[in-house]
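Visitor: Could you take me through this model, one question at a time?
Guide: Gladly; here it is.

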Amino acid sequence: MTTLTDPPKEQFRLSMLLYDTRYRSATIQVIAMIAFMLLAAWIINNTIQNLETLGRTVGFDFFAEPASYDINQRLLEYDSRDTHLRAAFIGLLNTLVVAVLGCITATIIGVMVGVLRLSNNWLIARIMTVYVEMFRNVPVLLWIVFAMAILIESLPAPRAFRGENPEATMDLFGTVAVTNRGVYIPEFLFSRGLGDIHLFGTSSLRFDVSLDLIAFLIVLGGSIFAMRKVSAWANKTQEQTGDRPTIWHIQLGLLFVPSAILLGALGFHLGYPELKGFNFTGGTHLRNSLIALWLALSLYTAAFIAEIVRAGILAISKGQTEAASALGLRPGRTMRLVILPQALRVIIPPMISNYLNLTKNSSLAIAVGYMDITGTLGGITMNQTGRELECVLLLMLVYLTISLSISAVMNWYNNRVKLVER
Amino acid sequence: MSDVSFVRTEMLPEQAPPASEVGVLGWIRHNLFSSWLNAILTVVSLIFIYYVLSNILSWTFESVWNANSLSECREIMMATWGDTHGHACWGVIKDRWLQLLYGFYPPYPAHPDATWSNPPETGGWPAYFRPNLTFILLLVAIAPVLFTNVPRKLLFVTAAYPFLLPWLMWGGSIWGPLMVAAGLGIGYLAYKFVLPVAGSLTAIILAVALPVLWWLFASGSVADAINSVIPIGIAPVESRDFGGFMLAILLGVVAIGVSLPIGILLALGRQSDLMIVKYLCVGFIEFIRGVPLITLLFVASLLLNLFLPPGTNFDIILRVMIMMTLFSAAYMAEVIRGGLAALPRGQYEGADSLGLNYWQAQRLIIMPQALKISIPGIVSTFIGIFKDTTLVSIIGLFDVIGLTNGIRADTAWNGVYWELFAFIGVLFFVVCFSMSRYSMYLERKLQTGHR
Amino acid sequence: MKKSVILGVATVAGLAAGAAAAGTVDDVKARGKLNCGVATGVPGFASPDANGEWQGFDVAVCRAVAAAVLDDPTAVEFIPTTGKTRFTALASGEIDMLARNTTWTFSRDVDLKFEFVGINYYDGQGFMVPKALGVSSAKELDGATVCIQTGTTTELNLADFFRINNMSYEPVPIETNAEAQQQYLAGACDVYTTDASGLAATRATFENAADHVILPEIISKEPLGPLVRHGDHEWGDVVRWTLNALIAAEEMGVTSANIDEMAAGTDNPEVNRLLGSEGTLGEMLGLDATWAQRAIKVGGNYGEVFAKNIGEETPIGLARGLNAQWTDGGLLYAPPFR
């Protein structure tokens, strides 16, 4: 008879933690964890000791103090009596504005330049190469400073618009003023507006939402919904009868008439900038600092994006184009249906890191006095309160959050594109 | 049968292609005016190029070199052209170019009173001998890594360079760097002698622990002791005297050089199966990559002293070096991870089938290949870091951009603008452009090797 | 392979590392060098010349202290600081003293824990406008675009001034004087505001200085002076009395020309005490008897330093104004050397 016995239970020995592959990884991880925690504890302990020696405390009370400084570009209302927190919030919005604008223009310029570098016009291709190499090989800080200097030196000052025979005149039938303080463009005004909704009361994060804008968006959304319905009806009719009813005029009417009626009802008009006193007043003021930063960041990043796009297009084998032609696709459709979906797969991952770089580089705004979050929270607030530890750590946290959000969104998009391809 | 043949028996001589299809004309037609759209684009670009060049060239070349202040420049411009605008005043570069290149690094460190224009009477080495030699040695040291047709023996320079660089730049006794090198020797010897006696684990632990103990406790006093007996050394230079373009190069080289091993470890950690190690590495990499360099430089200038034990206080350039190293380590890790990912799976399996353990496989099979593939990526990381060194001007270091502020605060040059920035821009462009060309050349070379 | 760079650097770091715990006077003496924080570049106050030598009014204070403590006016390491880094550098012990036109304010003194040892320049925030603008008073600046140099108390004063006078303005914050000047000259702002000394210095270097006027209003008090860390009173005393020695020397007529002669002994007991031929003031400070002599010899007394760096004969061209001796109607008033 054979009896089944359990194999002798192996005695656990301490050395097995290291020599037995079953335990070794756990051991290493525990050691790594302990080492990391020790390091963190060491740093925190040092910090506490140092702060004690300096007689300082850590706290975010200073955020509730009045900031006492003004910010020129504010998307929400703010004045110098508002708190430091409010100032940081305004700065954060400014960072986001320049990052979003920059990413959009960088993509547009980058794709155009990338395609033009492959142009069969020798001169154009060379100029684009010179552009790409110039921007890629000189620090972005220099470009930002250059952009600002060029705007300041080459555009007319507002006082040049004054007098009987001014040296400079407004562009686009007198609606846009391009000065070396920025560009003044007409603003949207509603004489019978619906007012604003005030969110978050009087706290530092309060902001107003324009009801006019919401109404407009709702109407526009409704129009687009109706247009889709009409389009679906047209498709269905076409499938059933073989004849596609003419719908473009209906579509056009659906798109514009309701919005136009709404705008008319709200008393929509444009407010033009005009020269009053020292400056242009009225209209929307796109400040030089914003334009310079936006321009420099987009041009700089676009040079990198152009290279990515070029590489992406070159990576698609010629056979794909030929196969598409064999199927009878026109060149435009070939690009849209065959080349781009495949090129995107190569293009998007490096594109994400370029968007991230652009956002992070926007922190150089202080070089031109654009009041982004580095200029408010990490700049004047830090200078005035002397709370370096709190300000710098918070600043890093804010940027980290922005970066991780961008990565998350772009990765999600990347995955979607990938699915389309398979 | 008729003899008439309708087959041509001899060829007609080839006719020259029409004049519009060959030569310069043909080239122009094909490349510049192939269609209406292209023709318009060409003309517009030509006008654009003319506009840009005519402005820049006249500004650059109708300029003043011999002037000691901006007002002097303006006087000369008025006298020559009757106009102060549209002319460069290169006098500022002539006056300050050495400062822009070397910062405040003493031209003759052994003779602190001697300046570039006033060399020491006792003779001596040429001006800026040490930074220049360091730079030349740098080229020698990386040559065997970057080019295959360089004698392998130069690798000794590469191995010695990490010790030569600090010694040449900071000066002081030679024994300090030598004792640091000795630490590595101790580690190696410990490993070699303990291995047969006590097994690999003890050997590794000793090989790590002994050098660390040596560096922490013994090396300093031993170096001092030897130095008091055999003093060999060169005049020390404080790191706060470093500046200008030299600082950018130094920061870039140190950051990349030191971050290479850290980056390898991080990349391996990120690929590892050990969950906690992996997450620590991922956390570090994503954190550093998620924040702008300027915030890390704020940490260097404002917070790093708080994080270190009370009383530690080392100067801002070293602190910046530390933060830039951490910064580039995260990027380096991603580059090397790319290299690792590009290796075919078979290489790992091959290593396993040979019975190599993890570190042997990494050292003998994976890393040599992965690093080779990563070199173009490393070069572009270097270009990026090198350009980013300009940010140190924001925290008050005198790199080239920081120096422009210092120079313009001198009443002689207050108001100079484009000349300085144009000079800096050209400087950066030349260096970065040549590096990126090298990286492209390498990429092409590697591609043929692998496909 | 390259791993050891970090170790090499760490060794060098070890050399540079110094304890900041003990008394600063002893630290400075042991080190043989004074670490003095200065601005990265303010015309007339601190700027490096082509040889990397620092020049300027603030720099002169550092040199005087170095001469008093170390008997060597060149034994100074000048550490350029920005508006952001200056206080951290001082608090962390990276610099021994800060001479970087820093305004003495309550919160810097009390909250940030620094000790202002005196005032070497009485300044105030002013406005500069182009003459063509036709503005004669800061009260007429409603709606103007104002270039401000950030990192100082300037932006706070400006916000308060416009708020109090119920005027609106558009601030253009700029990091450095050089950039601000460029924007102002190009007309990107109507007004340039910073300390009046800075305005005068900037204006002096303009191509057409006569086209610009400095408005009469001074909207703030900006007492600029050197500062040290809280708590180290011995060191604070050394810096304070070195500055006072320069001021007192001018009052008593001690100049770099006649100092050797006067050091031999004069009829004026206070001069004798200052220059060390009588009394033990130097020992009380922990220095030797001739400390003040050395400090004054470097660049002369306060008046000479002023005249050489920012006075009316220099391109900066500042009048003494508030910075004249109290006997001449100014605010400079050194406590007695007794």
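Visitor: Which residues in helix 9 of chain B meet helix 11 of chain B?
Guide: A word on conventions comes before the answer: this is a predicted model, in which local features need pLDDT of at least 70, side-chain atom pairs count only at pLDDT 80 or more, and totals for chains, interfaces and linings use all residues. Residues are numbered from 1 along each chain as its sequence is written, while chains are lettered from A and ligands numbered from 1 in the order in which they are written. Two residues are in contact if their C-beta atoms, placed from the backbone, lie within 7 Å, and helices (H or I, at least four residues) and strands (E, at least two) are DSSP runs numbered from the N terminus. On the side of helix 11 of chain B the residues are B:Leu326, B:Phe327, B:Ala330, B:Tyr331, B:Ala333 and B:Glu334, and those in helix 9 of chain B that meet them are B:Phe284, B:Ile285, B:Ile288 and B:Arg289.

Visitor: At what angle do the axes of helix 9 and helix 11 of chain B cross?
Guide: Axes are lines fitted to C-alpha atoms, for helices over the stretch in contact, and angles run from 0 to 180 degrees between N-to-C directions. The axes of helix 9 (residues 275–290) and helix 11 (residues 316–342) of chain B come within 9 Å, and they cross at roughly 115°.

Visitor: In what order do the five strands of the open sheet in chain C lie?
Guide: Two strands pair if DSSP finds at least two bridges between them. The pairing in this sheet of chain C is mixed, and the order of its strands is 10-9-11-8-12.

Visitor: Which strands of that sheet are the edge strands?
Guide: An edge strand here pairs on one side only. In chain C this applies to strand 10 (169–174) and strand 12 (212–214).

Visitor: What is the bridge partner of C:Gln125?
Guide: Strand 8 (residues 125–130) and strand 11 (residues 191–195) of chain C pair in the antiparallel sense over four bridges. The partner of C:Gln125 lies in strand 11 of chain C and is C:Asp195.

Visitor: At what angle does helix 8 of chain C run to strand 11 of chain C?
Guide: Helix 8 (residues 196–204) of chain C lies across strand 8, strand 11 and strand 12 of chain C. Relative to strand 11 of chain C, helix 8 runs at about 125°.

Visitor: Which element gives the largest share of the side of chain C that touches chain B?
Guide: In all, 50 residues of chain C are in contact with 53 residues of chain B. The largest share of the chain C side, twelve residues, comes from helix 1 of chain C.
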